[in-house]
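The following note is intended for a colleague who is viewing this model for the first time. The points are numbered so that each may be checked in turn.

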Amino acid sequence: MADKAPCGGETAWAGCYQGQHALWVPDAFAHPAKMSVTLCFRILEHLEELGLLRENDVICDALAGTGTTGMVAACKGYP
């Protein structure tokens, strides 16, 4: 068994749903399954670290919900 847990360890992904973000309009908080902005940034950064996401790759979220994935992708410069 490896000494290090995969994907940054047990705590690397903790706390992603804490805090507030001003990316949503107030009505979006009624959506039952909002994506965490922090979690979305961490996922995209993790994919970059693994070499699975590269500059100018297109990010597509078929179940866009409140649009968090698209907004985070745009903040990181992805089309």
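1. In this predicted model, helix 1, spanning residues 37–49, packs with helix 2, spanning residues 68–75. The angle between them is about 55°, and their axes are 10 Å apart. An angle of 65 to 115 degrees would count as roughly perpendicular and one under 35 degrees as roughly parallel; helix 1 and helix 2 are therefore oblique to each other. Their crossing is right-handed.

2. Which residues make the contact between the two helices? Helix 1 contributes Val 37, Cys 40, Phe 41 and Leu 44, while helix 2 contributes Thr 68, Thr 69, Val 72, Ala 73 and Cys 75.

3. Val 37 deserves a separate remark. This residue belongs to helix 1 and is one of those in the contact with helix 2. Its relative accessibility is 3%, under the 20% limit, so Val 37 counts as buried. Between Val 37 and Met 71 there are 34 residues of sequence separation, and their C-alpha atoms lie 8.9 Å apart in space.

4. Ser 36 is found in the segment before helix 1. Is Ser 36 buried or exposed? With a relative accessibility of 4%, Ser 36 counts as buried. The C-alpha atom of Ser 36 is separated by 7.6 Å from that of Thr 68, a residue 32 positions away along the chain. Thr 68 is itself among the residues of helix 2 that touch helix 1.

5. The loop between helix 1 and helix 2 contains Asn 56. The backbone at Asn 56 has a positive phi of about 75°, although the residue is not a glycine. Because its relative accessible area of 55% is over the 50% limit, Asn 56 is classed as exposed.

6. Finally, the chain as a whole may be considered. Its secondary structure consists of two helices and zero strands. Of the 79 residues in the protein chain, 20% are buried. The accessible surface amounts to about 5,700 Å², and carbon and sulfur atoms account for 58% of that surface.

7. How much of the contact pattern comes from residues 24 or more positions apart? Among contacts with a separation of 6 or more, such pairs account for 51%.

How values were computed:
Residues are numbered from 1 along each chain as its sequence is written. This is a predicted model: local features need pLDDT of at least 70, side-chain atom pairs count only at pLDDT 80 or more; totals for chains, interfaces and linings use all residues. Side-chain values use heavy atoms; hydrogens and water are left out. Axes are lines fitted to C-alpha atoms, for helices over the stretch in contact, and angles run from 0 to 180 degrees between N-to-C directions. Helices (H or I, at least four residues) and strands (E, at least two) are DSSP runs, numbered from the N terminus. Angles under 35 degrees count as roughly parallel, over 145 as roughly antiparallel, 65 to 115 as roughly perpendicular and the rest as oblique. A crossing is left-handed if the near helix is turned anticlockwise from the far one by less than a right angle, and right-handed if clockwise. Contact means heavy atoms within 4.5 Å. Buried means under 20% relative accessible area, exposed over 50%, partly exposed in between (1.4 Å probe, protein chains only). Accessible areas come from the Shrake-Rupley method with a 1.4 Å probe; for residues, only the protein chains shown count as cover.
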